[in-house]
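Trainee: I am new to this structure. Please take me through the terms, one by one.

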Amino acid sequence: MATRRIFLQQTGLIASSLAFSPLTIAQSPKKDRLGVALVGLGYYSTDLIAPALQLTKNCYLAGIVTGTPSKAETWAKKYNIPEKNVYNYQNFDKIADNPDIDVVYVILPPSMHREYVIRAAKAGKHVWVEKPMAMTEKECQDMINACKQNKRSLAVGYRLQHEPNTQEYIKFLRDGKIGKIKMVSCSAGYNDNRTTHWKQKKEMGGGVMYDMGVYVLQGARLATGEEPISVTAQQYTTRPEIYKNGLDETTMAQLVFPSGARAAVQTSFGINMNFLHVTGEKGFLKMEPYSAYNGQTGEASGGVKIKHPYDVPRQQAMQMDDDADAIMNNKPLIAPGEEGLRDIRIVEAIYRAAKSGQSVKLT
């Protein structure tokens, strides 16, 4: 773990120019592993997070929170979860009295993130929250404030920042191997044929920019090591009967960075695409796929190849192990709440730019 920590520092994923900073947290009795309670038992929890928790070294599945009794029964039996560690949304706050649970992982529609992160922090639990962190910058700040006030840590589920291919390309770029970054192009999208999922409901945090869009913003920000100073954007839909009233199916945005670097990012619920291409003064770097659950492959000038294979759900296991290690040893988080806030600030600016047709400055 010490070697991995040094590598993360070298890549800039800890204490980098993106200002990932340590959080002061209340000291708890030393544990070898942290108990994690999952809030929301949908696809991501069922197919990825719960299986990943069977692979982790620093944490384990200790509890669940669900509004569906049949799910509670199935999960408790499958994962041997004691009845006292099973909660619903009404009695959730009683989790404060349960020493088995150290971390609450909020995996709900974005519109519910603020409420349950704050409730978990007030219950004295560390919090992990899935991306997008929230629907507005203010909600993100409220969540950060609640965790700080209760001396609890807050991490955002940016799985890619924990995986070795991403870490290697960031180090490659930070080492100046292709010189000053001039242009970044990043795309992430897939064909989503659903019509009633929360991703197709604006009031629940739907729209592609909140979901897949966060990945392309991460690509641009991690590649440049900078925060954008202005954005322009365009949005369109081929299915107006589903994506209406400002709900975006496809979004394209252009970002300007302080160094003069530019980024063109594209994200869609109607187009399959997944790549990162970085052009520098002395060469290029390309990752394709860029944000998949596995199979990331990269190449760069000088014959450089980037390929660290692993099986699904190893990304999620690495993410949770890193975050648990940070909590247990009072180390900086790789992706604290402030990192999620930065992306949501840009998402909001992109929506304003798309609506107005004008460039929007970010301060």
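Trainee: Which residues is arginine 119 in contact with, leaving aside its neighbours within four places in sequence?

Mentor: Arginine 119 is in contact with Tyr89, Gln90, Phe92 and Asp93. Contact means heavy atoms within 4.5 Å. This is a predicted model, where local features need pLDDT of at least 70 and side-chain atom pairs count only at pLDDT 80 or more, while totals for chains, interfaces and linings use all residues. Residues are numbered from 1 along each chain as its sequence is written, and side-chain values use heavy atoms, with hydrogens and water left out.

Trainee: Why does arginine 119 count as buried?

Mentor: Buried means under 20% relative accessible area; exposed is over 50%, and partly exposed lies in between (1.4 Å probe, protein chains only). Arginine 119 has 17% relative accessibility, so it counts as buried. Arginine 119 is found in helix H4. Helices (H or I, at least four residues) and strands (E, at least two) are DSSP runs, numbered from the N terminus.

Trainee: What makes the link between the side chains of arginine 119 and aspartate 93 a polar contact?

Mentor: A polar contact is a pair of N or O atoms within 3.5 Å; within protein, one must be able to donate a hydrogen and the other to accept it, and residues adjacent in sequence count only if both atoms are side-chain atoms. The side chains of arginine 119 and aspartate 93 make theirs at 2.9 Å. The backbone oxygen of tyrosine 89 also lies 3.2 Å from a polar side-chain atom of arginine 119.

Trainee: How do you know that valine 127 is buried?

Mentor: Its relative accessible area is 0%, so valine 127 is buried. Valine 127 lies in strand S5. Leaving aside neighbours within four places in sequence, its contacts include Val104, Val117, Cys147 and Leu154.

Trainee: What is the strand order in the open sheet of 6 strands?

Mentor: The order is S3-S2-S1-S4-S5-S6, with parallel pairing. Strand S3 (86-87) and strand S6 (154-156) stand at the edges, because each has a single partner strand. One side of each is therefore left without a neighbour in the sheet.

Trainee: How do you know that S1 and S2 pair?

Mentor: Two strands pair if DSSP finds at least two bridges between them. Strand S1 (residues 34-39) and strand S2 (residues 59-65) have 6 bridges, in the parallel sense. Valine 39 stands opposite valine 65 in S2. Helix H2 (residues 43-53) packs on this sheet, touching S1, S2 and strand S4 (103-106).

Trainee: Why is strand S10 called largely enclosed?

Mentor: In S10 (residues 262-268), 6 of the 7 residues are buried, so the rest of the structure largely encloses it. Strand S7 (residues 181-189) pairs with S10 in the parallel sense over 7 bridges. Strand S9 (residues 250-256) runs antiparallel to S10, also joined by 7 bridges. Leucine 255 stands opposite alanine 263 in S10.

Trainee: What makes a set of residues a nonpolar core?

Mentor: The members are buried Ala, Val, Leu, Ile, Met, Phe, Trp, Tyr and Cys residues joined through side-chain atoms within 4.5 Å. The largest such core here has 82 residues, with Leu154, Tyr169 and Leu255 among those with the most contacts inside it. Helix H9 (residues 337-356) gives the largest share, 8 residues. Apart from it lies another core of 28 residues, including Leu34 and Met328.

Methods
Axes are lines fitted to C-alpha atoms, for helices over the stretch in contact, and angles run from 0 to 180 degrees between N-to-C directions.
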